[in-house]
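Please open the structure beside the text and follow the points in order.

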Amino acid sequence: MTVIPVERAERADQGGRPVLEARGLTKHFPVRHGARQAVVHAVEDVTLTLPDGGITAVVGESGSGKSTLARMLAQLIKPTAGAVLLDGEAAPARRRYARQVQLVLQDPFSSLNPVHSVRYHLARPLQIHGVNGARNGPRNGPGNQQSLDSLVTDLLTRVSLTPAEQFAAKYPHELSGGQRQRVAIARALAVQPRVLLADEPVSMLDVSIRLGLLNLLAGLREREGLTILYVTHDIASARYLADVIAVMYAGEVIESGPAAQVTDQPAHPYTQLLLSAAPDPDRTQPPSLAGRGATPNLIRPPSGCRFHPRCPHAMQVCAQNRPPAVEVALGHSSACWLHAQGLTPAQSQPLPGAGRNTDHQPGPDAGPGPTSGKE
Amino acid sequence: MSAQAVMGADDILIDVTGLCVDYGLGDGAVHAVVDAELTLRRGEVLGLAGESGSGKSTLAYAITRLLRPPGVITAGQARFGSSVNLLTAGQRQLRGLRWNEIAVVLQSSMNALNPVLSIGTQFSDVLRAHRPEMTRATRRAKSGELLEMVGIPADRLGNFPHELSGGMRQRVMIATALALDPSVVILDEPTTALDVVTQREILEELMALRDRLGFAVLFISHDLSLLVEIADSIAVMYAGRLVERAGANAIFRAPRHPYSLGLLSSFPSLHGPRRVMEGIPGSPPDLRNAPAGCSFHPRCGFAFDRCRHDPPPLLDLDAGTRAVSCWLQDGTAMVPAELARAVPAGPAVAAGQPGSADPAPIGGQP
């Protein structure tokens, strides 16, 4: 048992050179709403920087837009507005981009093809991207095949699936959930990317093996300097793994900062709510929730601050204008009018009924919005 | 914890001893539950923790006789109260028991609601089946009452399931389970698919209802950190066997089984310095091919020779307040310090910095 070395925590503050950046990313999904066309405001003006060799966590509930953000960063979906920058420049086209940025999906039971062996899963990206001359084709010689095999073995060893030769011959159904997710990570590593986007990589796995996988990600960063985006709904695991946490609510980043600081001194009322609701065996008294209810309907998102209908501190201004992100401590910013106006929660003049919103509002729209994915 | 203070034979609602459940027959049978022992007392919240495949849901299905083929109960006893033998009860007797005395909220019960019937109709169905004497108007009134009880306005009785959010559907399921005022409610992963805030709200409501109505809860969950918060006592299952049973606080502060210890150190904390934690190496066994001896030994850092050959019995510890199935605790072996912590006195860990009392970090390298 070791305390996490100080360098690891400090690296976040120094903010290594940004590798991947989201600049004002916005995604609106068109949907049919009754007879009319409507728009789901899934992600709104998100700016996020992934520093070189850092682990950034995006934390949010279902429907907060965290997966949409990850998919935009992977260029699987096209943003409505905003840009993705790689090394400060406009990101290159799909295949060249994929060589640098790879995505690992949530469900290892559906992200691997059941009819193909582990070797096939890992060899494909090596061949397609021609990693280390491993391009395979009708003319491939025996030497080529050999180097392909050794690359596959190397990948499996890097994700601790040993003996690698045995695992390479297996099929997905012969592997446990944790082993499958390791294969999925190995597949992403095949092209030697610099950035790994992990969308809920452990939420489908058994509790006892989740930490092993998180430690694998931490090790990849530590040993190989991989830059990682960790998307999760579990703020405790984000605190464990990441240098920086960005909290999303209803499509917007509402707070971001060094991981321990965001969880120890949460600034935004929503982050406070999230932390008070999280399971915590150290808690001695039942928590009191400030801001009950559910995420809003994103077809008609609330005006101003999207959290204001639930916020216990909501003021007049919160319903009118979107709060700017204000730095509350070094590298720690919060998008809340309390901080923008330099008020403490006690000084706020909440509107009557503030924070009393619940998800029991009548109307068919109270149901889960089209964007709310499964967790 | 109050439930444990008043002990007496009358208080025991469900008593399970030596229960074994197989899937399939003969040599190919998978032993899903082996020698399970459980006692649920009046008003108690008993947490049943375990990973997928540990047999926790199978155990619940067996107790309620909802087990479907190829599941077979091969041994053991399960009693309800002092008179009813749950395992031999006939269909008529079970019919009188289910929902009236033992209600079940199944896993992913959000999808258990019939999508083409309104909420009100589904409430009415339950009441009509079990309380045939009720008039339509009484049923309607009672349904509204039940819905209000879980914090949903009665005018939503006319809604269909798709018009409700996930949290509300789960509340409806809990309300239907409570429709006939049962003495036992079995909840199988009731909040797993929900967001944390919604999960917390539902737990709050559930605990408030428990205080008001006095039913006992068997709460099945993979989330041990959640169970520590809400349960009075906790039973931990691994590969079909009960490995440890103790008070919630005792198990959290002073686990006696290496698996409980490992499970507890699999949940990163929200407080204190960030530490590298190890979790549990390896993965849960395939029950078709379970390891010999103690089924946890391949993943256990403390395993010794005996663990590889003989399955450990469930041993009573600490004057019968807890039970552990581990050879380390049979009195002959040296118990590692991590598994021999003193149980803190008092029901709550209370004042001061929780956790700081114990400098030994949880889940150290064995």
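1. How many helices and strands does chain A have? This is a predicted model, and in it chain A has 13 helices and 12 strands. Of the 375 residues in chain A, 51% are buried.

2. Now for the domains. Chain A is divided into domain 1, which covers 1-100 + 193-279 + 289-299, and domain 2, which covers 113-191. Their C-alpha centres are 28 Å apart. Domain 1 of chain A gives 12 residues to the contact, and domain 2 of chain A gives 10 residues. Which helix supplies the largest share of the domain 1 side? That is helix H8 (residues 207-224) of chain A, with four residues. By type, the domain 1 side of this contact consists of nine nonpolar residues, one polar and two charged.

3. With 18 residues, H8(A) spans 26 Å from its first C-alpha to its last, close to the 26 Å expected at 1.5 Å a residue. Its buried residues include A:Val207, A:Ile209, A:Leu213 and A:Leu217, and also A:Arg210 and A:Arg221. What do the buried residues of H8(A) pack against? In chain A they meet strand E3 (55-59), helix H7 (177-189), strand E7 (195-199), strand E8 (227-232) and helix H9 (235-241). Helix H10 (258-264) of chain B is also one of their partners. After H8(A) comes A:Gly225, which has a positive phi near 70°.

4. Next, please find the open sheet of four strands in chain A, with the order E2-E1-E4-E5 and antiparallel pairing. Strand E2 (36-51) and strand E5 (89-90) of chain A are the edge strands, each pairing on one side only. Two bridges link strand E4 (residues 81-86) of chain A with E5(A) in the antiparallel sense, and A:Leu85 has A:Ala90 in E5(A) as its bridge partner. Helix H2 (residues 66-73) of chain A lies across strand E1 (18-33), E2 and E4 of chain A, and runs at about 120° to E1(A).

5. The loop between H5 and H6 of chain A is worth a visit. Here A:Ser160 has a positive phi near 60°, although this residue is not a glycine. Why does A:Ser160 count as partly exposed? It does so because A:Ser160 has 15 C-beta neighbours inside 10 Å, while a buried residue needs 20 or more and an exposed one has 12 or fewer. A:Pro163 lies between helix H5 (142-158) and helix H6 (164-168) of chain A too, and the peptide bond leading from A:Thr162 to A:Pro163 is cis, with omega near 0°.

6. Finally, chain B has two backbone details to check. The peptide bond from B:Pro69 to B:Pro70 is cis, with omega near 10°. B:Pro70 is found in the loop between helix H2 (56-63) and strand E4 (71-80) of chain B. B:Asp35 is not a glycine, yet its phi is positive, about 50°. Where is B:Asp35 placed? Look in strand E2 (residues 30-41) of chain B. B:Asp35 is partly exposed because 18 other C-beta atoms lie within 10 Å.

Note on methods
Residues numbered from 1 in each chain as written. Chains lettered and ligands numbered in written order. Predicted model: local features only at pLDDT ≥ 70, side-chain atom pairs only at ≥ 80, totals over all residues. Domains from an automatic or database assignment. Contact = placed C-beta atoms within 7 Å. Nonpolar A, V, L, I, M, F, W, Y, C, P; charged D, E, K, R; others polar. Expected span 1.5 Å × (residues − 1). Pairing = 2+ DSSP bridges. Axes fitted to C-alpha atoms, helices over the stretch in contact; angles between N-to-C directions.
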